[in-house]
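Open the model in your viewer and keep the sequence panel beside it. We will go from confidence to fold, then to one helix pair and the surface.

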Amino acid sequence: MQAEAEAESVRMRGEAEAFAIGARARAEAEQMAKKAEAFQLYQEAAQLDMLLEKLPQVAEEISGPLTSTKKITLVSSGSGAVGAAKVTGEVLDILSRLPESVERLTGVSISQVNHKPLRTA
């Protein structure tokens, strides 16, 4: 009887886990369907939302190598910023070019979004 009870316990746990996995999968599928529906309705806005969500990650990847740098040697011509200001300026220059790069890659202009109404289906 004890073996049967243990077997029943294992079976019930397995069914509960399967139910939980199924419920989680259904919820994720529903979330993806709603996201797809929203993307369909608000194509440009949805694209922009995804881009803006990823820009901080891109900026982190660009500036990331500097965090592990132990030594930087700068050569200056005597004009403009020097030292840490020069390095910061270079990183900011790269980041300022991101909207243009994003537009070239995706066709979505981040700078024009506020200047024109977004299309809906």
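Start by colouring by pLDDT, the predictor's confidence in each residue, from 0 to 100. The protein averages 79, and 89% of the residues score at least 70.

This is a predicted model: local features need pLDDT of at least 70, side-chain atom pairs count only at pLDDT 80 or more, and totals for chains, interfaces and linings use all residues. Residues are numbered from 1 along each chain as its sequence is written, and side-chain values use heavy atoms, with hydrogens and water left out.

Now switch to cartoon. You will find four helices and zero strands, in the order α-α-α-α. Helices (H or I, at least four residues) and strands (E, at least two) are DSSP runs, numbered from the N terminus.

Next, select residues 2–41 for α1 and 43–67 for α2. How do they pack? Their axes lie 5 Å apart at an angle of about 120°. Axes are lines fitted to C-alpha atoms over the stretch in contact, with angles from 0 to 180 degrees between N-to-C directions.

Show side chains at the contact (heavy atoms within 4.5 Å). F39, Q40 and L41 come from α1; Q43, A46 and M50 come from α2.

Finally, select everything and show the surface. Of the 121 residues, 10% are buried (under 20% relative accessible area, 1.4 Å probe, protein chains only).

Technical notes
Buried means under 20% relative accessible area, exposed over 50%, partly exposed in between (1.4 Å probe, protein chains only).
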